[in-house]
Amino acid sequence: MVVDWNGDVVLCCDDWNHREVLGNLKEKSIEDIWFGDRLKQIREMHLKEEFDKVPICHACNKKTIWWLIN
């Protein structure tokens, strides 16, 4: 997860166009975003190898085990 200049927290450092914004630090804490529903859903999809359900992840060639961290 990456925090951009405007406070947007995006899923990935390759998300230059902010396709998957998880929240904004002006509105939520980083802890709330990290343990939030959307990131939980994404972790579950990754564990099931359902990468196609997250558009930014569908064509990714850098898959890691980040979603196991909680």
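Let's begin with the strands: strand 1 and strand 2 run antiparallel to each other and are paired over two bridges. As you look around, keep in mind that this is a predicted model. To find a place where these two strands face each other, look for valine 3, which stands opposite valine 9 in strand 2.

Now widen the view. The sheet is an open one made of three strands, with the order 1-2-3 and antiparallel pairing. Strand 1 (2–3) and strand 3 form its edges, since each of them pairs on one side only.

From here we can turn to the side chains. Side chains of opposite charge can pair when their charged atoms come close. How many salt bridges does the structure hold? There are two salt bridges.

One of them joins the side chains of glutamate 20 and arginine 38, with 2.8 Å from N to O. Glutamate 20 sits in the loop between strand 2 (8–10) and strand 3 (21–24), while arginine 38 belongs to helix 2 (residues 37–47), so this pair ties together parts that are 18 residues apart in sequence. Are the two partners buried or partly exposed? Glutamate 20 has a relative accessible area of 10%, so it counts as buried, because the cut-off for buried is under 20%. Arginine 38 is partly exposed, with a relative accessible area of 27%.

The other salt bridge links lysine 53 with glutamate 50, and their closest N and O atoms are 3.4 Å apart. Here glutamate 50 is partly exposed, at 22% relative accessibility.

Key. Residues numbered from 1 in each chain as written. Predicted model: local features only at pLDDT ≥ 70, side-chain atom pairs only at ≥ 80, totals over all residues. Heavy atoms only, no water. Salt bridge = Lys/Arg side-chain N within 4 Å of Asp/Glu carboxyl O. Helix = DSSP H or I, 4+ residues; strand = E, 2+ residues; numbered from the N terminus. Buried < 20%, exposed > 50% of the residue type's maximum accessible area, 1.4 Å probe, protein only. Pairing = 2+ DSSP bridges.
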